[in-house]
Amino acid sequence: MISITGLRKSFGDHEVLRGIDLEVAAREVVCVIGPSGSGKSTLLRCINRLEEPTAGRVVVDGVEVTGPGVDLDKVRTSMGMVFQQFNLFPHKTALGNVTLALRTVLGMDSGAADARGRQMLEVVGMAGKADAYPARLSGGQQQRVAIARALAMEPKVMLFDEATSALDPELVGEVLGVMRKLAEQGMTMVVVTHEMGFAREVADRVVFMDDGLVVEQGPPAALLGSPREARTRSFLAKVL
Amino acid sequence: MLPELITEGAKNTLVFTFFSFLGGLAIGLLVALMRLSRRRSLRWPAAVFTDLLRGLPALLTIIFIGFGIPIATGWQFPFPKYFPGCLALSLVAGAYMAETIRAGIEGVPRGQMEAARSLGMPYPVAMRRVVLPQAFRLMVPPLTNELVLLFKDTSLLAVLGTLAGGKEITKFARDFANARSNSSALVAGGIAYLVITLPLIRLVAQLESRTRGAR
């Protein structure tokens with residue numbers, strides 16, 4: 001579903017990604033872990049080209065995202081993204097957040113958009129707050145609306161960029177619960193996270209990144225339980 | 001004297017203010033978007049425009065548009081009573097508003113544009129539906145402030161206001177005072193300005209404290 005080869009990204013003199021190769025199969029859940037500054041988020045943001053890769057190829061569902069003349073807006077509708085800071089539109093209600101792109105990008109009329117929007121809010125357990133503005137919602141509720149907003153476009157892939165890192169500890173569970181449900185329904189997911197418990201239980205594969213490279217990857221039990229690389233071991237010793 | 005000060009002078013001042021504000025807003029938005037563009041060929045003309053019009057005295061710009069262009073080209077503006085004055089003030093206001101609007105757009109967190117683009121919205125759609133509505137909320141206090149400045153700057157059009165029925169408050173009051181050797185018309189004109197500006201200045205202060213509170 002996702003195929004990344006030789007991906008490099010520099011910010012000025014600093015090379016954040018130094019040649020990443022990664023395959024993600026359809027229906028697979030891949031968790032990317034690693035210390036801050038290791039390039040995890042940049043990798044995710046290169047997949048939908050919110051960051052422009054310096055070199056390398058990204059192919060998603062047969063479309064070369066990094067190819068010349070690609071219709072970026074179109075391929076982005078097949079990839080949902082969830083951000084650390086939620087990034088809900090503060091001037092729109094929860095429902096308005098979900099329906100804006102349905103109307104402006106997919107061209108749905110407001111009746112059809114509202115119907116799908118309410119259905120998506122139902123999926124994340126936010127149907128009761130359809131008319132609330134983001135400022136009136138808790139962080140966990142905002143993030144669930146953000147997930148509904150991304151899901152409404154019926155993406156083939158979901159990208160989660162530290163989706164629970166900005167949440168108060170007691171609100172993390174509700175968001176992880178929604179993500180777990182998505183995974184069980186067979187969504188292809190790339191999840192950049194610090195939640196080792198989630199990675200252990202939900203991921204099909206865990207990828208450990210450090211210093212712009214994939215150091216090690218494998219099934220969660222193996223990678224988190226008996227890592228081969230010294231760098232993986234020292235990272236896990238700090239976070240577990 | 002007083003009835004005409006209101007029916008002609010104040011009316012014309014408001015007409016100049018209204019159209020120049022709308023014109024300034026349109027020019028300001030266009031120039032701000034050009035300055036934020038990734039393309040250099042759009043950025044630098046916008047930068048030259050704002051620097052030039054903010055660097056020149058407004059009075060000189062008004063005289064240049066009102067007299068300079070007709071003299072140099074022999075071309076007469078349509079609607080000569082209002083158009084040259086509104087054009088000159090729109091250009092000046094637009095240069096200042098462009099900076100206000102740009103600051104407003106840059107005040108909207110980057111994540112808003114990213115979230116919109118990640119949903120597949122093209123840049124113009126994301127700008128119009130997501131970023132600008134939020135930016136305008138940030139811009140209401142400074143834009144209201146610029147409305148006050150613009151309202152007062154219409155008095156500079158006194159240098160042009162020689163056409164019958166086209167005098168704004170200052171020109172009207174000055175002509176009246178000259179003709180009668182009586183300064184009370186100037187006092188009346190001053191009061192006419194204050195009736196509008198003082199409430200607006202209070203409003204700006206209120207809007208500013210409310211925006212601060214909301215952040």
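Read along the sequence, chain B follows the pattern α-α-α-α-α-α-α-α, with eight helices and zero strands; helices (H or I, at least four residues) and strands (E, at least two) are DSSP runs numbered from the N terminus. The model is predicted, so that local features need pLDDT of at least 70 and side-chain atom pairs count only at pLDDT 80 or more, whereas totals for chains, interfaces and linings use all residues. Residues are numbered from 1 along each chain as its sequence is written, chains are lettered from A and ligands numbered from 1 in the order in which they are written, and side-chain values use heavy atoms, without hydrogens and water.

The C-alpha trace of chain B spans about 70 × 45 × 25 Å along its principal axes. Of the 215 residues in chain B, 44% are buried (under 20% relative accessible area, 1.4 Å probe, protein chains only). Among contacts in chain B with a separation of 6 or more, 74% are between residues 24 or more positions apart; a contact means heavy atoms within 4.5 Å.

Chain B carries 23 positive and 11 negative charges, and their mean positions lie 8 Å apart. Lys and Arg count as positive and Asp and Glu as negative, while His and the chain ends are not counted; the charges are placed at NZ of Lys, CZ of Arg, CG of Asp or CD of Glu.

In chain A, strands β1 (residues 2–11) and β2 (residues 14–24) run antiparallel and are joined by eight bridges; pairing requires at least two bridges found by DSSP. The two strands form a hairpin with two residues between them, and G12(A) in the turn has a positive phi of about 60°. F11(A) stands opposite H14(A) of β2(A).

Note on methods:
Buried means under 20% relative accessible area, exposed over 50%, partly exposed in between (1.4 Å probe, protein chains only).
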